[in-house]
Each structure stands twice: as structure tokens, then as C-alpha cells.
Amino acid sequence: MMNPYTIKKQPLHQFVQRPLVPLSTTLRNTVRRMFIQTQDTPNPNSLKFIPGKPVLETRTMDFPTPATAFRSPLARQLFRIEGVKSVFFGPDFITVTKESEELDWNLLKPDIYATIMDFFASGLPLVTEETSSGEAASEEDDEVVAMIKELLDTRIRPTVQEDGGDVIYKGFEDGIVQLKLQGSCTSCPSSIITLKNGIQNMLQFYIPEVEGVEQVKEDESNEKETNSP
């Protein structure tokens, strides 16, 4: 007598011939075309992820804390990964900074890869609220400030972005250019060298009115904006 709980084996060719459920065209194309590369930065705690497609195209956005990620769904998801300290979006890359050197990138990278791939496959907007970084030249700028901003945009920022970071103009007072470092540059051990030997020397070479460069921290920047009339 046949046991009713016995599973009847089917010939192998019946399984082979059974059609597979196809992936949706969007998901299939996204998975096929998405190849994320990583690139080291001067900061050992920051890693540059290059998805092979535009991120913010011509601008950058910095998310130093989870609280600042409210305007980006992708940044919020990356902050959910344990060990992620900050997130930075460049024109064609994403820089992720980990909390400490003790954390192994080999443990963090799989979750970061998956988060980025899933987000691009979803088709959601990268940013839900537009913000201005404040470095663009305006008609109210005097000649020196306009020259500083132009030099930053054309010569300095592209080089800094290659290292997974950015530098934002914050002010010019008494010959001192105030700059804010973002992305991998924020906690980089060589950030002071970059400011003094790189940025300051170039600005002074082209603009005699520049006497020096100083870094503006996040809390100092917020305090100046709060106290400004």
C-alpha cells in the first residue's frame, strides 16, 4: 500500500523544462548594470563607493550625523548600518565614514553594497529636500570673494572630491578665508596639511589679498548662522 505522505519523485527533465519566473525589466537591468567600486581615501576611516552612475551630478551634500539625513532616504538607510558615522554624496560617488579604525571594512562593505544597490533599484529620489551649500558666486560678492569662489570651484574642489570629500566656502574676513571640510576630509589626519600646504598656497598665489585659511567646524558654522542678523 502506498504511503500517502510519500513524495513522488519527478524526472529531472520536468524541472529543467519548467519555465522560470522572469525578473522585472527594471530590476534585471539595474542588477545587471550596477557594479559598485570602492576607492581608498587619505582618511583610513572613510571609503569612497562609486556606483557607476550619477549621484548628485554637479553638487555635493554632507550628512555628518543621522539627524542631518532627514532629507535623503539613502543617507537614512546607510546610517542604519551599525558602525557608520557619516555619509557624503558627491557628483558620482558616495563616501561612508566608519566610527573607528577598529571596525573592519570587510564587515561593513557587504551591508553598504546591498543598501546602495537596493536603493538605486527602487527608483526613489536621492534627495527629497533641496538645500544650498552656499559656495556659489552671487552678484553681491566683491571682486576678491568672487575670485576665491571661482578658484575653489574650478581648481580646488574637484581635487578634494577625488579624495571623497569637499571644501565649502563660508566667509572671508580680514584676509582670512573660512572653509568647511566635508566627507572624508572632516576627520582626516592630513586635513590641516591640505588646508595650509594645498588650499592656502594656491589661494595666496592667485589672490594676494588672501593672508590665510582657517577651518570652520560644524558647531562653529551653525553658531555663526544663528547669531547672524
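In this predicted model, strands β4 (residues 84–89) and β5 pair in the antiparallel sense over 5 bridges. Strands are DSSP runs of E of at least two residues, and helices are runs of H or I of at least four, both numbered from the N terminus. Pairing requires that DSSP find at least two bridges between two strands. Local features need pLDDT of at least 70, and side-chain atom pairs count only at pLDDT 80 or more, while totals for chains, interfaces and linings use all residues. Residues are numbered from 1 along each chain as its sequence is written, and side-chain values use heavy atoms, with hydrogens and water left out.

A hairpin of 4 residues joins β4 to β5. Phe-88 has Thr-95 as its bridge partner in β5. Strand β2 (residues 46–50) also pairs with β5 in the antiparallel sense, over 4 bridges. Here Lys-48 stands opposite Thr-95.

Strand β5 (residues 94–98) is largely enclosed by the rest of the structure, because 5 of its 5 residues are buried. Buried means under 20% relative accessible area, exposed means over 50%, and partly exposed lies in between (1.4 Å probe, protein chains only). Ile-94, Val-96 and Lys-98 point one way from β5. Thr-95 and Thr-97 point the other way. In a regular strand the side chains alternate between the two faces of the sheet.

Helix α4 (residues 105–122) has 18 residues. From first C-alpha to last, α4 reaches 25 Å, close to the 26 Å expected at 1.5 Å a residue. The expected span is 1.5 Å times one less than the number of residues. Trp-105, Leu-108, Lys-109, Ile-112, Thr-115, Ile-116, Phe-119 and Phe-120 are buried in α4. They lie on the same side of α4, because they cover an arc of only 140° around the axis. The arc is that of the directions from the helix axis to the C-beta atoms. The face turned away from the buried side of α4 carries the exposed residues Asn-106, Leu-107 and Asp-118. Asp-104 caps the N-terminal end of α4, with a side-chain oxygen 3.0 Å from the backbone nitrogen of Asn-106. Just after α4, Gly-123 takes a positive phi of about 80°.

Thr-186 is placed in the loop between β7 (176–183) and α6 (191–206). Its relative accessibility is 41%, so Thr-186 counts as partly exposed. Thr-186 touches Leu-181 and Gln-215, not counting residues up to four places away in sequence. Contact means heavy atoms within 4.5 Å. Thr-186 and Asn-43 are 143 residues apart along the chain, yet their C-alpha atoms are separated by 8.9 Å.

Terms used. Polar contact = N/O pair within 3.5 Å; in protein donor to acceptor, adjacent residues only side chain to side chain.
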